Number of protein chains: 2
Amino acid sequence: MSVLAVGSIAFDSVKTPFGSAREVLGGSAVYFSLAASYFTSVNLVGVIGEDFQESHLQVLRERAIDLQGLETAPGKTFRWSGVYSYDMNERETLETHLNVFADFRPKIPESYRDCRYLFLGNIDPDLQWDILQQVRKPELISLDTMNYWIETKRDSLLRALSAAHLLTLNDGEARQLSEEVNLVKAARKILDLGPRILIIKRGEYGALMFTDSTVFSAPGYPLEVVYDPTGAGDSFAGGLCGYLANLDNVCDSTLRQAIIFGSTMASFCVEAFSVQRLRNLTYDEILERYRQFRRLSHFDDVP
Amino acid sequence: MSVLAVGSIAFDSVKTPFGSAREVLGGSAVYFSLAASYFTSVNLVGVIGEDFQESHLQVLRERAIDLQGLETAPGKTFRWSGVYSYDMNERETLETHLNVFADFRPKIPESYRDCRYLFLGNIDPDLQWDILQQVRKPELISLDTMNYWIETKRDSLLRALSAAHLLTLNDGEARQLSEEVNLVKAARKILDLGPRILIIKRGEYGALMFTDSTVFSAPGYPLEVVYDPTGAGDSFAGGLCGYLANLDNVCDSTLRQAIIFGSTMASFCVEAFSVQRLRNLTYDEILERYRQFRRLSHFDDVP
């Protein structure tokens, strides 16, 4: 099965302790699509400005991402700039210029409306809801969001959440959304809001999955150098949803594997600026890192 | 094999968001010994004041801890008081009264000097070194320390470390000791200082083990209520060393299991104030939680 991704397409300017990059390709839909493209075919819906160049499109086309849903609007492409602290766990947004993204009203092409796997990137929850009205009966709706929407559009977010199956958040956002400090209690409250699967992303500490019946803890991959954490969360979602869509089977066992594939793609993503590392991977490299995650977390049972 | 534990014996006064406890039994040697006692026999070396009561000794005796190395000195037992922040990851020390601990010069009884498994709790690294001169040829010397000693007695600590096999630290301490932000690089630097096994404790995020040839990531156990984190690190070390001493076999596979047993004991420790939860566990409860750790972190290989 293919996966449909809706989200931002951006030019990011990023500064980290290891260097900087100016106006490089980014955005949730871009990171997601590239990561997912190693597992299944990807349909992308997003908006670009007139400054988006053929070379940028080429990055997506090289990974065979379907761009039928890509809209070009008059004006400039969305721009974001930020700087990361030395420990890479905190980032400060310097500037956000929505540009063409400000008036983005996603239109799902007719041929995408029967999609069984849908990823709603971190955009205005009213737009997420609007997209949900355009698709027919997805098997798995994954939704991402952020502190800004929790603060400013809680009701809209709760409406979108009521229709979603899988939610990805970081720990701070999970605490903020649930108004609960303890993560286990926070998870239970969030599962009551609609999604049947909650995945809490914890950066270098890995990820936690909560469902009604199980908890899964995925390790973080201990990397010697993290060049640029931008896009890690969307690459995680891309590996996760791409793997599930390809199998077309969502159960406890495949979700756990999918989270490790998501973690694998995130670990590659942060090894270079922008989407560089996600352009030329081989499936063997991905499998090898998946197996490293196994070695990293394996321990024997006791007799 | 038995394990020899040297460390503090204290009365702790603790305040957490869930309650408080005044002058309750604590200290690194106490938490360690109780946790280790579920796996092997424990010999304890420490000092108490004249205010230490029969009921406190009883807690240790009930777990068959050998108290031949327990010294009673004129004056009061070591006292510590602290308060935990709402997220339980930070604590502030309010008061430390060393009392009899100020002049503590550990004397290892002759019958303990052939110990094969030794735990040096978080005490002055000069005392740790002094203890190392008294024992003959331990198979595994585990050492714990803290930011205070890294700051104020770095040279003494480095001397003790040069003779230790296994070091436990938290992430902040690992970064401080190595003067390196990235944990993988920090670990490599620390392994060059002497220990062949480094375990980085990350509280609710679990633990990481580094050796020359392997990395192991142990999950944190997602607990719904953490009443009191005091002693979690020493309980972790107790489960870890107790399990290894009982097997008398230190290899990659047993170290990984030992870390999970350590995590198991730490997860019990924080469920109640003081040592309450470590007094009356059954080995079946411990095994059951070990298996929960397996379910928590298991994922299948890919075909």
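Predicted model: local features only at pLDDT ≥ 70, side-chain atom pairs only at ≥ 80, totals over all residues.
1. Residues are numbered from 1 along each chain as its sequence is written, and chains are lettered from A in the order in which they are written. Local features need pLDDT of at least 70 and side-chain atom pairs pLDDT 80 or more, while interface totals use all residues, and side-chain values use heavy atoms without hydrogens or water.

2. A:Tyr205, A:Glu224 and A:Phe299 supply 20% of what chain A buries against chain B, more than any other three residues.

3. There are 6 salt bridges between the two chains (a side-chain nitrogen of Lys or Arg within 4 Å of a carboxyl oxygen of Asp or Glu). One of them joins A:Arg175 to B:Glu204, with the closest N and O atoms 3.9 Å apart.

4. Do have a look at A:Phe299 and B:Tyr290, an edge-to-face aromatic pair at 5.6 Å centre to centre and 85 degrees between the planes. Rings of Phe, Tyr and Trp (its six-membered ring) pair if their centres lie within 6.5 Å, with planes under 30 degrees apart counted as stacked, over 60 as edge-to-face and the rest as tilted. A:Phe299 sits in the segment after α11 of chain A, and B:Tyr290 in helix α11 (residues 283-297) of chain B (helices are DSSP runs, H or I, of at least four residues). Both residues are buried, meaning under 20% relative accessible area (1.4 Å probe, protein chains only).

Note on methods: Buried area = accessible area lost by both parts, 1.4 Å probe. Helix = DSSP H or I, 4+ residues; strand = E, 2+ residues; numbered from the N terminus. Buried < 20%, exposed > 50% of the residue type's maximum accessible area, 1.4 Å probe, protein only.
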